[in-house]
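I opened the model today and kept notes as I went. The entries follow in the order of looking.

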Amino acid sequence: MPRFPDHLNGSGPSNPFPGIKVLERRIGREIPHRLGSNEGLDMPHRALRERFGDAMVEHVYCYGDSEALGVRQRLASLYGLALDNTLVDAGADSLIALALRTVATPGCTVVSASGTYPTFGYFARGQGCQLLERSYREAPGLLAPGLDDLATSAREHKARLVYVANPDNPSGHLHSDEEILRLRAELPDDCWLLLDEAYHDFRDDACSAFSREVLPGVIRLRTLSKAHGLAGLRIGYAIAEPETLAMMMKVRIHYAVSTLTQAAAETVLDHHAEVEQHIREVKERRERLASHFSALGAEVLPSATNFIAIRLANAELAGKLNQELLEAGRLIARPAHPDLGHVLRITAVEDALVPGRFEILERAIAGDRAQR
């Protein structure tokens, strides 16, 4: 079993500010008079009320529930998760940082694919970790982290943690459940697997039994930014063993998720049919985008996300087209890592399907096809 840093073993540190919702649950009754907190409870908020209305303003006075119980209850009900296997925080990015704070120490080695979601490397370096990157596997129709290479590097360098995005960002590749389980089995016993499942909802098997499974030595991260449309409010959740989540709570910001954000998340989770409809529509747009560019001769990689990835001949061409599109007011994504600089990523929104929206890219693809 992977270990926690020595400074987190033992009884502390303890959250000095659990918040009124947690205190009410501890004593088993409501606390009607909030007389000792330092929030601006008597702030009239006339400007906010005028712009947003009274209903929104009622959520801005107080710190959010530090345990986000209402959100976790809904996640448990919708996705078949045990309540004590979930932790809510301010989006998947914040959860990546939180996981690193929990299990990594300055100087330890962490491993990822070279070009995967760059926020992991950003936070890992900020934590003082030694980041070891391994190249993607490339073949016709394939651009994916090499799980065998990650496991080998973890063993050779006694890594503390391996990071894998599944489905992958930016390629869209989906590793099978069996591949993920084999990766975990091949890692050293004291090495953690950080499994970033930000695009999990767009998998065709998103409701499988494996999606609910709590894996020893694994911290799974998901977000409400994509399928649930709450990117601007910053909220996501982790799935792990209770002992792991308890350690994460020791180093978590007390009120990481606001009262307003929690209320919005609860509302969206209470209307799950709209989320399901959105997912269906995203998948349909994704397939239309993929078919469109494939018909032009582009290499569109298989995707289990809300975007498509197009692999171009070289990074120079991809960089040139990305800049031309940006100057034309069309913001797409190109990985910053040089290993994946030849990839362009387009999100499957309705605006991407407007005729002529990608004329610059379409001309380049047609020209390359003619030369071949």
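How many positive and negative side chains does the chain have, and how far apart do the centres of the two sets lie? I find 42 positive and 50 negative side chains, with the two centres 2 Å apart. Lys and Arg count as positive and Asp and Glu as negative; His and the chain ends are not counted. Each charge is placed at NZ of Lys, CZ of Arg, CG of Asp or CD of Glu.

Ground rules. The model is predicted, so local features need pLDDT of at least 70 and side-chain atom pairs count only at pLDDT 80 or more, while totals for chains, interfaces and linings use all residues. Residues are numbered from 1 along each chain as its sequence is written, and side-chain values use heavy atoms, with hydrogens and water left out.

Overall form. I list 13 helices and 12 strands; these are DSSP runs numbered from the N terminus, helices being H or I of at least four residues and strands E of at least two. The C-alpha atoms fill a box of roughly 75 × 55 × 35 Å along the principal axes. Buried residues come to 49% of the 372. Buried means under 20% relative accessible area, exposed over 50%, partly exposed in between (1.4 Å probe, protein chains only).

Largest core. I looked up the largest nonpolar core: buried Ala, Val, Leu, Ile, Met, Phe, Trp, Tyr and Cys residues joined through side-chain atoms within 4.5 Å. It has 44 residues, of which Phe293, Ile310, Ile346 and Leu361 touch the most other members. Elements that each supply at least two residues include α4 (69-79), β11 (307-311), β12 (343-347) and α13 (359-371). The largest share, six residues, comes from α11. Next I checked Phe293. Leaving aside neighbours within four places in sequence, its contacts include Ile308, Ile310, Ile346, Leu361 and Ile365. Contact here means heavy atoms within 4.5 Å. A second, separate core of 27 residues includes Leu8, Trp192, Leu221 and Met248.

Helix α4. Its buried residues are Leu69, Gly70, Val71, Arg72, Leu75, Ala76 and Tyr79. The cover over them includes α1, β1 (86-89), β9, α10 and α11. Gly80 follows α4 with a positive phi near 70°. In α1 (residues 20-27), Ile20, Val22 and Glu24 are buried. Just after α1, Gly28 takes a positive phi of about 80°.

Asp177. I found this residue in helix α8 (residues 177-186). Asp177 is buried, with a relative accessible area of 14%. Not counting residues up to four places away in sequence, Asp177 touches Arg203, Asp205, Ser208 and Phe210.

The peptide bond from Asn166 to Pro167 is cis, with omega near 0°. Pro167 sits in the loop between β6 (161-165) and α8. Is His45 buried or exposed? His45 counts as buried, at 16% relative accessibility. Its phi is positive, about 55°, although His45 is not a glycine. His45 lies in the loop between α1 and α2 (46-52). Lys158 also has a positive phi, near 50°, and is a residue other than glycine. Lys158 is in the loop between α7 (147-156) and β6. Lys158 is exposed, with a relative accessible area of 72%.
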